[in-house]
Amino acid sequence: MSAYTFAAFLDSPSEDTRIADLPPVLPKDRHSISTPNDIELGTIWGDRYNESGGASLPQGAQTPGRTPHGAQTPKTPNELEMSRPPSPKRDEAANLVQSWSNPPMNKWRVLSACLVYFGNGMTDSATGAVIPYMEKDYNIGYAIVSLIFVTNAAGFILSAFFTETVLQRLGRAKTLMASELVLSLGFTMIVCTPPFGVVVTAYLFLGIGAAFNLALNNVFCANLARSTVILGIAHGSYGVGGIFGPIIATALVSKGVPWSRYYLVTLGVRLVCLPFVGWAFWRYEKEAPVQLMSALERTASRRAAVEAGEPTNLQLLKQALGNRVTVFGALLIFAYQGAEVSISGWVISFLINYRGGDPAKVGYVTAGFWAGITLGRFTLSHAAHRVGEKLFVYLLIAGATAFQLLAWLIPNVIGDAVAVSILGLLLGPIYPCAQTIFTRLLPRRIQMTSISFISSAGSSGGAVAPFTTGLLAQAVGTFVLHPVCIGLFVVMQCCWFGLPRVRKRTE
């Protein structure tokens, strides 16, 4: 059924109306105004009618019921289909951009993402505060304790291959709930103060759970209107958790409480997140962005997709890995998160060994670092829109490099603490700005796969860099933290320069 026939059916007269009763339409010039059949109207009527404003029939158009002189009517179903323009593909439809308040449930979804990131921040930031006590309890050195970073990254890497599959099978709400269950399992293992091998395994589960919720929430927030600001708020919540984590952990262990009991707090946060994310995203698929296609076009698009064959998950992964944005984005986030976790994990050991700091006091320096990250994401992220994300990130990385040098060269604890806090302030907005640029540059069909891979690469950096720092610290001292981080900042600048220019979406 053509578009014209379908419209005529909707506007057809009632049963009591006879066609014979309708006034005849007689053209003045049979040669200039002939009658098109339904099929021809499906190809010419829409565009020409719109151009003419609907006032009159276009030149050469025909009234239903006649066939132009010399024209042949298509006879087979294939010919009928070929006489129509190609159906729009699913990825060619324009999405209506959602905002944080439209649909109204998005407010709760953004809030749930903030709570999830808050819990992630409490987990990641406390590691540096508990490492000295972990080494003492298990009688291990820097190199061995660094294995927790390796298994955590392994969890992120493993999840990158299954995120899209699990999301398609379970849906967003159940996938997020599953990630919270996996995180809860990991914390339960640590709370029992098991042998160190079990702790290392627990960090594998922590990596898997965090990777799922990070990928899904990043894609959700990045596709909302004013995504840089929303991502800044969401990842600012991660920074808030980063502030509370080392403060609570340091307060507990300095009073003689076993270091593992701190993870009862993070376990409680995950148990709150579990029902919250399920409730917030339960009807998410039904409220997905409306595509600007008619019902007939969506049906034709689905039929064409079935005939052409939808890309498999493996094909999507290959497309993502072959995309320039994915590769440079993964390297950039690898370096960024490597520097972030290295500073958070080893700056306390540096202050104890080279500045004579008291472990019960310098543990709060990490809280200052995460406070800077939080403040930067809540405040400086807004300036990114005015300056432009590309230029803004260049300036932030250059400033971070300068303050990393100051933290290395200033020979006292207070000066180092201030430099580390400002360093966090400058590093904070980089992640949400980068995620916004990645989402703008990536084709929509591979966004989830690419963002998952980028997140796993970031966690890999969060393992490789601190693990390498630990190995070098075991050999020459913890001062190597600073040259390692400066080298990572240089890599970030190069990768940011290698990204293509942001262009307007055509999807």
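The model is predicted, with local features needing pLDDT of at least 70 and side-chain atom pairs pLDDT 80 or more, while totals for chains, interfaces and linings use all residues. Residues are numbered from 1 along each chain as its sequence is written, and side-chain values use heavy atoms, without hydrogens and water.

I noted a positive phi of about 55° at N139, which is not a glycine. Most residues other than glycine have a negative phi. N139 sits in the loop between α4 (106–138) and α5 (142–145); helices are DSSP runs of H or I with at least four residues, strands runs of E with at least two, numbered from the N terminus.

I then checked T193, where phi is positive too, near 50°. T193 is in the loop between α8 (172–191) and α9.

Next I turned to α6 (residues 147–160) and α9 (residues 196–222), which pack at an angle of about 35° with axes 7 Å apart. The axes are lines fitted to C-alpha atoms over the stretch in contact, and angles run from 0 to 180 degrees between N-to-C directions. Among the contact residues I listed L147, F156 and L158 of α6 and F196, Y203 and L214 of α9, contact being heavy atoms within 4.5 Å.
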